[in-house]
Amino acid sequence: VVFPSVVWAYQEPGRERVTEDSPANPDRTTASAVEAESLIMESAEDSDFDPLVLRLGWLYGPTSAQTQQIAKQMLSGEFVGVGRGLLGRTDTRLSMIHAEDAARSVVAGLDHGLTGVYHVVDDQPVTTSAVFQRLAEALNLSRPSTVPGWLAKHFVGEDMVSFLTRPFPSSNSKFKRKTDWEPTYPSIDSGFESVVA
């Protein structure tokens with residue numbers, strides 16, 4: 001049984017990186033992912049199947065509704081980034097993954113007969129401001145402005161603000177050690193160029 005989960009359900013305040021051993025720290029939007037992971041792993045102990053949980057980073061791609069929405073808002077001049085702190089100038093580090101690389105990770109995990117929990121993310125974490133700046137550059141636009149989370153929650157909701165202001169930097173090293181998987185788009189630099197093309 002292969003279950004695609006999400007890295008940000010395991011955000012750990014004060015820790016350098018989220019690892020496969022980080023404790024669950026879900027919010028309203030990720031509680032079901034944590035519950036499903038637990039159910040699969042517990043059921044595997046009593047049943048005849050091998051569990052594989054792939055915790056994905058922030059998915060993006062040319063057919064991603066979220067990527068398309070952000071790009072459209074940038075093109076129309078309506079997009080505003082979200083930052084931490086009183087003035088919104090504190091960056092959040094997170095891990096991304098191109099949708100094609102995420103799909104290829106499922107194949108790699110099955111081909112290698114993996115079981116257990118693995119993080120599938122880009123090679124390096126990035127900041128939220130870098131994400132929005134790189135996408136804007138790929139669209140030939142100037143960098144979007146940023147507002148603090150306390151203000152943004154009135155426009156985009158608390159869940160989105162939480163997602164953009166709670167860090168979840170992670171590493172794909174465990175998954176890469178166990179498979180021959182390498183991300184085709186190791187960073188958002190090449191990934192966003194591909195998405196816009």
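Modeller: Gladly! Contact here means heavy atoms within 4.5 Å. Please keep in mind that this is a predicted model, where local features need pLDDT of at least 70, side-chain atom pairs count only at pLDDT 80 or more, and totals for chains, interfaces and linings use all residues. Residues are numbered from 1 along each chain as its sequence is written, and side-chain values use heavy atoms, with hydrogens and water left out.

Biologist: What covers the buried residues of α8?

Modeller: The cover includes β3 (58–60), α2 (65–76), β6 (96–98), β8 (126–127) and α4 (128–138). Helices (H or I, at least four residues) and strands (E, at least two) are DSSP runs, numbered from the N terminus; the chain has eight helices and nine strands.

Biologist: Which residues of α8 are called buried?

Modeller: Buried means under 20% relative accessible area, with a 1.4 Å probe and protein chains only. In α8 (residues 188–196), Ile 188, Gly 191, Phe 192 and Val 195 are buried. Viewed down the helix axis, these buried residues fall within an arc of 90 degrees, so they line one face of α8. That arc is taken from the directions from the helix axis to the C-beta atoms.

Biologist: How much of the chain is buried?

Modeller: Buried residues make up 46% of the 197 residues.

Biologist: Why does the radius of gyration agree with a compact globule?

Modeller: The rule, over C-alpha atoms, is 2.2 Å times the number of residues to the power 0.38. For 197 residues a compact globule would have a value near 16 Å, and the chain has 17 Å, so the two agree.

Definitions and conventions
Buried means under 20% relative accessible area, exposed over 50%, partly exposed in between (1.4 Å probe, protein chains only).
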